[in-house]
Amino acid sequence: MGAGVLKETDQDVINIIKKIALNIQDYEGLLEIVNAQKNIYTVSGLSFHPWNAVSLSHGLPGICMLYAELHEHFPDEGWDQLGHQFLGTLVQEISEQGLQSSSMFSGAAGVGLAAVCLSQNFKLYRKFTDRIHDYLLQQVPVMISECTKRDVTMSDYDAIEGLSGIANYLLIFSEDKKMRPLLLEVIQYLVNLTHDQEYDGVQIPGWYISAKNQFTPMEQQLYPNGNFNLGLSHGICGPIIILSKALLQGVNVPGQALAIKKMVDFLLQFANRDGDELSWKGFISFEEFKRGHASEQDNVRRDAWCYGSPGACMSLLYAGKALQERLYSDLAIQALQQTVQHAQHLVSPTFCHGYAGIVQILMAARELRGQAVFTDEITFLKGKILSFYDDTYRFGFHNLEYSEDDGGRVKQLDYVGLLGGVTGVLLPLINIELGQKTRWDQAFML
């Protein structure tokens, strides 16, 4: 995974990373900071809390990943001991509150991935990961059965809570005789998701989300006839990547290549075009689908990991490689370059909604493409991330979010989780400076 290194290492950046990582080790002090009332924020009527110990998004697994990556680069500095300590705390938390789901960002898959990162190439924590796998083997078939009995929701198939995120963990074990049948079952579900259904007399793809199944009341009002989600976090970019990665690993079920092509064709058909520049908004309404093209109206666009052009481009890159379709890959590279130049609504250094997620996508794209592309763009984004560094703040990088609590203004939050906190900032910075040695970005479909 060493293709991430761009130039001579910036020792000042490494020192910042190590300083913050050492500050995180005081668990009680960490909890006191992140659990402060000011770190709760509201979007579309939903309140987001700053800490959930067993979740990858807001808890201990992301910290384990940070220490795992640091150990691989600096094996004589004791980072593995800190990782072991925090994994022990995570095990204790699981014993007290249990696992909440099978998912990547709040459940078993994310916990398993943290253990894999700490395992030093699968030499450690085998019994622990075996228990995680037993849980997945029991729970995921139940989840698939429930998903097939009702109308589709985002959390059925998405990267955050759904089967795409779970599948990306299972792909690590695609040659494991115990886990491969479960992986094939998930892949088959994602292929079936592309089968057409009828709504209001129109044949529509199976990943359609009805109005009642929208994530927020605001989205229910915006899309009274439902929509199609284009995001990487909650939309079809996740399934495209999973089906493509599986195909590249020799994991194949009937109709898989056709399913990839159908979803990619949908992405391309409903891209917004400004001259030769392609971009993607988060949702395509049912009305837009009937018209056959994306509207310029309600073109709410945030170019981050979760929604917008970066995730769409990453899915095109994977599909292009899996289907040996160079056009997809070329379009993705061009659109990624344009996205960095014209990125919209970025106010944070963090992964999900900020600059760290884009830079990691560019690093992953370099690796996938096998070419030294995006050198200038990565250097630019590194500078943007570092411009947020606050040496008076214990964790160095705040999470900045739009919050209804503050009248829609940007709110400064103290988060450490992978999705919106400092661990999700430091890991891409390590990748830029030293390359990547563990599988932590598997969490993000990369």
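Helix α8 passes helix α9 in a left-handed crossing, meaning that the near helix is turned anticlockwise from the far one by less than a right angle. The model is predicted, so local features need pLDDT of at least 70 and side-chain atom pairs count only at pLDDT 80 or more, while totals for chains, interfaces and linings use all residues. Residues are numbered from 1 along each chain as its sequence is written, and side-chain values use heavy atoms, with hydrogens and water left out.

**Helix α8 and its contact with α9**

- The axes of α8 and α9 come within 10 Å and cross at roughly 145 degrees; axes are lines fitted to C-alpha atoms, for helices over the stretch in contact, and angles run from 0 to 180 degrees between N-to-C directions.
- On the α8 side, Leu163, Ser164, Ala167 and Leu170 meet Leu182, Leu183, Val186, Tyr189 and Leu190 of α9 (contact means heavy atoms within 4.5 Å).
- The residues of this contact divide into eight nonpolar, one polar and no charged; Ala, Val, Leu, Ile, Met, Phe, Trp, Tyr, Cys and Pro count as nonpolar, Asp, Glu, Lys and Arg as charged, and the others, Gly among them, as polar.
- Eight of the eight residues of α8 (residues 163-170) are buried, so the helix is largely enclosed by the rest of the structure (buried means under 20% relative accessible area, exposed over 50%, partly exposed in between, with a 1.4 Å probe and protein chains only).
- The buried residues of α8 pack against α5 (108-118), α6 (126-148), α7 (154-157), α9 (180-192) and α11 (237-248).

**Helix α12**

- Helix α12 (residues 256-269) has 14 residues and reaches 20 Å from its first C-alpha to its last, close to the 20 Å expected at 1.5 Å a residue; the expected span is 1.5 Å times one less than the number of residues.
- Buried residues in α12 include Ala259, Ile260, Met263, Val264 and Leu267.

**Whole protein**

- The secondary structure comes to 18 helices and 10 strands; helices (H or I, at least four residues) and strands (E, at least two) are DSSP runs, numbered from the N terminus.
- Of the 446 residues, 61% count as buried.
- Residues 24 or more positions apart account for 69% of the contacts with a separation of 6 or more.

**Glu296**

- Glu296 lies in the loop between α13 (286-291) and α14 (309-323), and counts as exposed at 56% relative accessibility.
- Leaving aside neighbours within four places in sequence, Glu296 is in contact with Asn272 and Arg273.
- The C-alpha atoms of Glu296 and Asn272 are separated by 7.5 Å, with the two residues 24 apart along the chain.
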